[in-house]
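Subject: The multi-chain model, handed over

Hi there,

Here is the structure I promised to pass on to you. Have a look at it first, and then read on for what turned up when I went through it.

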Amino acid sequence: MLEPVNISLESLNLSTLTPMLIPIIGALVILCIDLIKGGLNKSLYVMLSLLFLLMDFGSLVDFAQLFSQNGTMMGFFDVMLIDGLAIIGQLIIVLASMLFIPLSLTSKRFHEYAYPEFYALFLFMIAGFQFMVATDNLILIFVGLELSSLALYTLIALHNRNKSFEAAIKYFTMGALAAGFFSFGAMILYALTGSIEINQISAVLAADEYSNIGFVLVAVTFLLASFGFKLSLIPFHAWTPDVYEVSSAALAGYMSVVPKIAAFVVAMRLFEFLVHSNVVWLETMLYILVVLTMTLANIWALVQSDVKRMLAYSSISHAGFVMAAILIGTTQSNSALFLYWVLFAFSNLGAFAMLWVNRQKVLVAGQDSDHPFEKFSGLVRTIPTAAAIMGLFML
Amino acid sequence: MEMYLYIALFAPFVGSLFAALFSASPKTLIAGIVPSALLFVSFLSSLVLLIHAMDGNTVHVEMMTWMAAGDLYIPYGFLVDQVSATMMMVVTIVSTIVHIYSIGYMDHDKSFNRFFAWLSAFVFSMMILVMSDNFAGLFIGWEGVGLCSWALIGFWYHKESATWAANEAFIMNRIADLGMLIGIFLLYWSTGSLQYDTVFAQIGSVEIAVVTTIGIFLFIGAMGKSAQFPLHTWLADAMEGPTPVSALIHAATMVTAGVYLVVRANPIYDLIPDVGYFIACLGAFVAMFAASMALVNRDMKRIIAYSTLSQLGYMFVAAGLGAYWVALFHLMAHAFFKALLFLGAGNVMHAMNDELDPFKMGGLRHTMKGTFIMMTLASVALAGIFPLAGFFSKDLILEVSFIEHHYILYTMLLLTAGMTAFYSFRLVALIFHGEERYKLFGFHPHEAYKYMLIAMSPLALLAVIAGAFKMTYFEMVTKVLPMTEYHIHNPTVYWIMTIGTQLFVIACILYAYRKYEVAKEDKKMEENIGYKILWNQYYIPHLYDEYVAKPYQELSRIFWKDIDMKVVDATVDMVANVFYKTGEKTRGMQNGNLSSMLQWMVVGLVVMLALAAVYSIATSLVAG
Amino acid sequence: MEIGLNHYLVLSTILFAIGLLGVMRRRNLLMLFFATEILLNSVNIAFAAISHFYGDLSGQMFAFFVIAIAASEVAVGLGLLVVWFKRSGSIDLETLKSMRG
Amino acid sequence: MDSILTILIFFPAVAGVLGFVVHKDSIRAYGISVAVIEFALSLVLWMGYDPNVSGMQFMESIPLIPEFGISYLLGIDGISLFIIVMASFFTMIGIATLGETKRIKDMIITLLFLQMTMIGVFASLDAILFYVFWELSLVPMLYIIGAWGGPLRIYASVKFFLYTFTGSLVMLVGMLFMAYFYQQATGVWSFSLLEWYRLILPESYQLWLFAAFFFGFAIKVPMFPFHTWLPYAHGQAPTIGSVLLAAVLLKMGTYAFVRFSLPLFPDASVFFMMPIAVLAIIMIIYTAMVAYAQEDLKQVIAYSSVSHMGVIILGTFALNVEGIAGSVFLMIRHGVVSGALFYLVGVIYDRRHTKMMSEFGGLASVMPRYATIFGIMMMASVGLPLTINFVGEFLSLLGFYKQSHIMTLIAGIAIIVGAIYMLAAYKKVFFGDVTKEENKNLPDVNKREMLALIPLTIVAIWLGVYPKPILEPISNSTESIVQLMHDKAITQEAKERIPNLAEEMTISRTSTQEAH
Amino acid sequence: MFEAIAFYLFAFLTIAMFYITVMSKHALYAMTALAAGMIFISAFFFMLGADFLGAVQIIVYSGAVMALYAFGMMFFDSTRELKEKTTPSLLVFGLGGMAALMTVIIVAAPIVSNNMTAAYPIVEGVGNTQAVGMVLFTKYLIPFEVAAVMLLVAMISGIVLAGKKMDVSLTLVEDDDLPQTDKENKKAES
């Protein structure tokens, strides 16, 4: 008979959960409000979600001080892992989200903003990302990943236009496949090391110096495939241009930043010990992926006629850059990676926001895409300031 | 003494600035008088300097540093020794006269002031050239003179031919200047400085091969400026400019700069006698060549230009053979009577309102009494008849060539002397003697202004008495130049030679008179080949034009159109297109179909798996 | 003969391969979803097997969560499919071609 | 007084930003006042600079990114001082005599920014700072050509931008490698040029790094194979644009050669001397001939500036004091003269809105003052003694003569070829009688244009007659560079190619003392 | 001995079932084959002693998921004969086959890594469900909660997407012919 296990509460240090719980509570609050009194103006929901995000941010900041004092904290039967990587990742995610939300206050009516659920799903998604980032347990990563992706699929679909559904479905199916790959990869790792926590996996593998290299490589391939999808590296990037083109400019901007940073953090965790294990094959494989991503994405960006698609391809190539940083794996490169990504976040959000500002409700006849270049060529004449800012972001 | 030097140097400069102030406004007389007066002042101060130099001492002054980089140090230094004093004398005398003359000549030309500005600027740069104490200063004068000649030849800029001639002159001079510059560089790197004194001191230590190259390059510079054989066409075309310009520049000063350079650099040329001999041969050839062309030419000013060319040939023969003082003496004498000849021609041109073909004139001796006397006097001096200056200087050169046992040169020079006499008197005969052909063309000649004739008189005087100064001139100059005595040992040979030449020259004059007394153009003579060759100046200008100017234009057009536009530009754009093309091609991969997307994912996976398998097998083999 | 862990792993990879085959081959979206189901189930078998042979429960945990995820996935997938069906009248892949390049 | 450089750099930028506030029609006065203050500042800088110290003066150093050793390091010596003065001088003239252009407000603000970047490039001693300003200088130029240019301006400005951008990217790679080697050798990261000077690199590294830097600078100069962007840029740029482009932006390339390539890689420069000399000679003669074939007056001057840059390159790679001093002097000369020439073309362009030489003829009689100024400038550009150009050309060719006689002979043709196309252009435009009737009553140079041209002509002649105040500081700093190169040179061939000034100095100094 | 027979039987059956789902022309056959497959997989679970999992598999998968699919099939009236443009078979089969081959080779290799420590040892004698419960609610409480949230999100998205409001797309509709309700809050907003 299993003796009842008594666990002291503070050993669980629940506090590590606070940053994740806040958005969930927020989402629930929004849902309840909508239940009680439907038809409220969307500005309420925007403000609410902003409020919750601010609280989340506050908790993260004091976590940062905490972290700076006594290093990494393990929470909750060491499922939660709050270390430098996690905190920075979460900070970026929350910051980017805070930037995104006010954008939905525009006067132009959008279908998705009429839904309060939009904001709830949005907060759930942020919680999903935060969970993903703050753990090194494969299960929680997987669940967090799926939670945020599902929320994201719906956010895209909510845009309520034929093409947005099509893109959402594409994104969904490829996401499902990627989830399959992830689980298969995790399974093999589990088979090899008998554990599903990354630090233990790395310990075990290091201990027997990757004796059966074959398995490790297969596991890594599958994991790489799944993250390839999330980070839109070349062979797995097919969904990016369509999804970006179709979703509203702000959402596209958001999508090009936050899910990627979460995926980066997890990828860094996973591949960190592998890179140091100087397994030559991994080096070459990552190397090929990164080079392919950067060059092909940029070349395709060159031939695009639609600004948003072009920006999509540019975000793919940026992801390639960052993947290169992971490939090097030195601490300097990691900090450089974050710095790079923050800069990229701002410039990308800015660029997409610019698209957002002069978005057109009804497509002008003969326009094959939402934002063809021709529309922008006149910009310099009409609104020079907007053009200048856009130029700045593009630089 | 320094004060005189500064006056002599800067007087023309002040004159030119003064005239330049009025350059835009219409003709104002003072703009002519002030520069001439200032030039006269400069003439006086150079006279004083000459006397000062006569008793052997030189004046050396250094104004300020011009260029000082690393161990290169070039100051604005000016040196007045015997050689430069004589040159200054020649330049100032002739230019004062020409200034006064041109007041009259240009009085009804609308850009009267601009003319004077450029003329005095020319004299100023000539003075720098003559008085500078280092090669760089010489080069400043050299190019300055080139610039002013360009401006003056192209003075009537609305005439297309004038501007073309000006450009041609300038470019040809530039080619020579390049040679000169290379010579100066070589000089600097071998002797460490460009000052005359240091250079001539150390030139001995430099090995012969380098000295010869320096000599050759400096001579190329001289050749361009004094229009020797390959670069001579610009002189004939330079006649486009107003006559006083030709008188001053293309008779007395600029063209003699080349001779001055060779004379000034005599220590260098002493070390390399064979280069000297080459210069002499070239000089003789040019003399013969130019004289032959002058025989048939129908343009009055061109005939005189060719005669200058042949006289220059003479001077180079003398300089080449080492008789530098003889060359300088001939230079001085020649400057006087050639300037006189040009000014006379100017008068005639004015009378015939710019008609140049002597065949259309004739019998002007009655109407233009003064000019007739002066021109005959100058021609006689040119021919080298006994009492006048020509005899003393030109025959001296004949003697030099005779003594140095260069008999071929002697005969050539003798022949040219004959030809000179023939064409100069052909000119005089055609213009002044015979029946007044000009009446057919409705000219009504009138004598030039009184003061112009008075201005020309000193030249006539000098042309006559210059010979007398030979002895005093000789002692003065040989203080600097090498003392070389020339007199034939046995007097009989000497006498036969001198009288022989005299008789030969007089015979030519009489033949010219008889032939051109009655100026009937005999068609027959013009047909024969010889005439045609000479007439087209041996087709050399045609040759230059055809094989130098045109291909240059063609080549540059080709360079521009084909190479620059197509080749270089295309490569750059091609690089950009490469990206664009690859983008287009690979775009196909990105069709919207979902299943193909999924397939791409699986393909990615399979490729990685394959690599993994290969790798693992490899390691296991390695390990195993 | 004894059934080792490898047998199960081989079985799960075969099923995985079939799932992949299905995903790629199918033109109909619904059938495609079936194939994704197969993928996830194959992984579950492997997880259960490993946890059985190693005597460690976390494998089963993973399998349990995979099932939860698969379920939610089906929900969202069908939601999307429904909307798409209303819009375009068919759930065949051909209709999903409107964006190029 | 030592923070004058920072003021010099950022004053125009701040003024530019404030410019947005100034009302449209008083912007011109604002622009002029800012430019005048800037010029005065640069004069103060010149006064404060004492010529006989050959090292860097007015040093300023603030560490920006300590761990990578990137510091905000400023300093000038003889070479960069005069280019800075010239830059501010030209911007002042440019703004003062700006014709009526549409959207003048943006133009003046862009000009001020351009000025900041220009001075920044010449004052910065830190490689990365140099690179940043180098890049920044492209952006305002892009706007000037792009917004106010002629018909083909988009193509020209984009081509200009991309061309120089790729060049500078390669240069950046070179810089990073250089810093990397420095870190290997000394264990500490540093981008400061002064420390790099002390680093002795093995021959093979030097070659590669030299090639990288060469590629970046060659495009900017522009050297022969990369020069096609210049005629386009000049062709399309507005007057003020091409004046500044010619006067200052081209100097960055050659200045960078003297500042970076020579002292950092002495052996490589010796090794590459011959090929680069050949390139420079092709550059001189080829572009001069192309200039001769042009119909558009502005293109003639554009190609002429390329040909003159060839002489500058030749001077720099003479690798001795005379050569480098000559080339630096030529940079200043090229700035003054081609700046003036472009300005003159601008003057006709404002009147007749065409640059085709065939359109003009006989202007000398119609516009005498204009003809005289153009004449003086033409003479200067052809390189007549007593003009500014002769001093530079004389020194550079003299310097290069030491390296190889035949090359200088061929390079000498530059004088002839230069004269040909300039005189031909002058003849087509000014001489001959007035054929076109609209040329008949062209107004001569008005007051405003005179304001710009007179100082330029004075400078052109003054520096020709008495170049000492400029030449003295330049030769001092060149001496220190050449001495540095000599000590750093490893290979024997480099040792004897670069004159060892130390022992020569004593002899020559004494000899000049006696000569005085 | 008995186990081996059971294993091979079930293995063969599942593979056949899934093969049918993938290859069959008729949607109905595919769906039924899938359900059968699910059942056999739960059988495996029971064989491996993970009976809690087996139960969950049956309830969740074959129950709920299949129900959803059945509903979906009806809704999309795709019971009729599926006419499909067959993709280039070579490519698909090739890829699938290759993937299978790859993994089988690698997986067949003996998996042995000696120093594994079981984090949560299965204590004999204790019922599997109880053990699972113990572990689930201590170690994996957080993933459990997050899974709960995920299911909530799935529910919301299902409802929202399939909801009636989606029919008329506000983003594309012009302001004037806006349905009444939105008119007020449009006014309220402005």
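Let me start with chain A, where 59% of the 395 residues are buried. Please keep in mind throughout that this is a predicted model. Chain A holds 17 helices and two strands. If you take its contacts between residues at least 6 apart in sequence, 77% of them link residues at least 24 apart.

Chain E reads quite simply: seven helices and zero strands, in the order α-α-α-α-α-α-α from the N terminus. Of its 190 residues, 32% count as buried. For contacts in chain E between residues at least 6 apart in sequence, 46% join residues at least 24 apart.

Next, the interfaces. Where chain C meets chain E, 60 residues of chain C and 69 residues of chain E take part. On the chain C side, the elements that supply two or more residues are H1 (5–25), H2 (29–54) and H3 (58–88). H3(C) gives the most, with 21 residues. Sorted by class, this side of chain C has 42 nonpolar, 14 polar and four charged residues.

H1(C) and H2(C) have axes 8 Å apart and meet at an angle of about 170°. Angles over 145 degrees count as roughly antiparallel, so that is how H1(C) and H2(C) are described. Their contact is made up of 19 nonpolar and five polar residues, with no charged ones.

The contact of chain D with chain B takes 50 residues from chain D and 41 residues from chain B. Several helices of chain D give two or more residues here, among them H12 (266–292), H14, H16 (368–382) and H20 (468–488). H18(D) has the largest share of this side, at 10 residues. By class, the side of chain D that touches chain B has 31 nonpolar, 11 polar and eight charged residues.

Within chain D there is another helix pair to look at. H13 (residues 297–316) and H14 (residues 321–352) of chain D pack at about 175°, and their axes are 8 Å apart. H13(D) and H14(D) are therefore roughly antiparallel too. On the H13(D) side the contact includes Leu297(D), Ile301(D), His308(D) and Ile312(D), and on the H14(D) side it includes Ile324(D), Leu330(D), His334(D) and Phe342(D). The residues of this contact divide into 10 nonpolar, 10 polar and one charged.

On to the nonpolar cores. Which residues touch the most other members of the largest one? They are Ala339(B), Leu340(B) and Ala463(B), in a core of 430 residues. Helix H15 of chain B (residues 324–351) brings the largest share, 20 residues. Leaving out its neighbours within four places in sequence, Leu340(B) has Met374(B), Ala378(B), Met456(B), Leu459(B), Ala460(B) and Ala463(B) as its contacts. A second, separate core has 237 residues, including Leu20(C), Phe18(E), Ala27(E) and Ala30(E).

After H2(B) comes Gly56(B), which has a positive phi, near 90°.

The other is Met180(B), in helix H6 (residues 160–191) of chain B. Is Met180(B) buried or exposed? A residue counts as buried with 20 or more other C-beta atoms within 10 Å; Met180(B) has 26, so it is buried. Not counting residues up to four places away in sequence, Met180(B) touches Phe139(B), Trp142(B), Phe217(B), Leu218(B) and Gly221(B). Ser45(B) lies 135 residues from Met180(B) along the chain, and their C-alpha atoms are 31 Å apart.

Happy exploring, and write back with any questions!

Best wishes

Definitions and conventions: Residues are numbered from 1 along each chain as its sequence is written. Chains are lettered from A and ligands numbered from 1 in the order in which they are written. This is a predicted model: local features need pLDDT of at least 70, side-chain atom pairs count only at pLDDT 80 or more; totals for chains, interfaces and linings use all residues. Axes are lines fitted to C-alpha atoms, for helices over the stretch in contact, and angles run from 0 to 180 degrees between N-to-C directions. Helices (H or I, at least four residues) and strands (E, at least two) are DSSP runs, numbered from the N terminus. Angles under 35 degrees count as roughly parallel, over 145 as roughly antiparallel, 65 to 115 as roughly perpendicular and the rest as oblique. Two residues are in contact if their C-beta atoms, placed from the backbone, lie within 7 Å. Ala, Val, Leu, Ile, Met, Phe, Trp, Tyr, Cys and Pro count as nonpolar, Asp, Glu, Lys and Arg as charged, and the others, Gly among them, as polar. A nonpolar core is a set of buried Ala, Val, Leu, Ile, Met, Phe, Trp, Tyr and Cys residues joined through C-beta atoms within 7 Å. A residue is buried if 20 or more other C-beta atoms lie within 10 Å of its own, exposed if 12 or fewer, and partly exposed in between; C-beta atoms are placed from the backbone.
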